[in-house]
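Dear colleague,

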Amino acid sequence: PIRAVARMSQDEPDSLEALNAIIARSEPLVPGATQAVLGEGPVGARIAFVGEQPGDQEDQQGRPFVGPAGQLLSRALEEAGIDRREAYLTNAVKHFKFTLRGKRRIHEKPTAGEVSHYRWWLDKELDFIAPKLVVALGATAVLALTGKQIPITRARGPAEFGRPFEGFITVHPSYLLRLPDEAAKTVAYQAFVDDLRRAHALAA
Ligand code: URA
């Protein structure tokens with residue numbers, strides 16, 4: 001088995017398929033995950049979305065953004081006029097990390113060290129997808145794409161990642177789910193959809 005940190009100089013993947021095969025047979029950096037959750041979407045997608053790490057549902061189903069945050073993202077994408085099937089969706093970290101509370105698996109945020117270990121994979125897959133624009137969903141994605149800790153509220157909007165694609169920063173959909181107040185949630189959700197609409201226009 002290959003550890004998630006693997007960067008095999010003799011085994012440089014020459015396609016997304018080859019890269020995904022390496023990711024799929026890797027061991028999680030932190031033990032516990034059922035499987036690696038690969039990115040999803042077509043090579044050549046004009047817009048790519050980078051989240052944090054798979055959640056409980058994603059870990060079980062082996063697909064990104066299928067749990068509560070993913071469903072919210074799907075709805076927001078649709079409202080923003082983005083066809084999810086034409087976009088590329090992936091995560092900074094490819095394995096679910098959690099702590100057990102009774103039978104529940106509670107998501108644990110990846111450390112900066114974990115993010116940097118997984119970074120090579122993210123860079124590689126984005127090279128293969130070659131999108132026009134990459135949207136960072138939340139601070140972990142920004143860290144993975146820039147190597148810097150940047151507060152989302154200040155950096156929100158078009159961004160320079162120093163990479164061959166344009167960048168865009170917005171909040172993570174799970175942030176919207178965590179807002180305690182319904183009115184605040186509605187406002188924040190609308191701002192999220194507005195961001196996605198703007199990103200969609202930039203990716204056109
Ligand atoms: N949150 C993420 O960041 N990624 C997923 O795939 C699901 C939830």
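**Strand β7 and its sheet**

In β7, V135 is the bridge partner of F49. Helices (H or I, at least four residues) and strands (E, at least two) are DSSP runs, numbered from the N terminus. This is a predicted model, in which local features need pLDDT of at least 70 and side-chain atom pairs count only at pLDDT 80 or more, while totals for chains, interfaces and linings use all residues. Residues are numbered from 1 along each chain as its sequence is written.

Strand β3 (residues 47-51) and β7 pair in the parallel sense over 4 bridges; two strands pair if DSSP finds at least two bridges between them. V135 also has a bridge partner in β9, namely F168, and β9 (residues 166-170) runs parallel to β7, joined by 5 bridges.

An open sheet with mixed pairing is formed by 5 strands in the order β4-β3-β7-β9-β8. Because β4 (88-91) and β8 (157-159) stand at the edges with a single partner strand each, one side of each is left without a neighbour in the sheet. The link between β8 and β9 is antiparallel, with 3 bridges, and A159 stands opposite G167 in β9.

Is β7 (residues 133-137) buried or exposed? Of its 5 residues, 5 are buried (20 or more other C-beta atoms within 10 Å of a residue's own, C-beta atoms being placed from the backbone). L133, V135 and L137 lie on one side, and V134 and A136 on the other. In a regular strand, side chains alternate between the two faces of the sheet.

Conventions
Buried ≥ 20, exposed ≤ 12 C-beta atoms within 10 Å, placed from the backbone.
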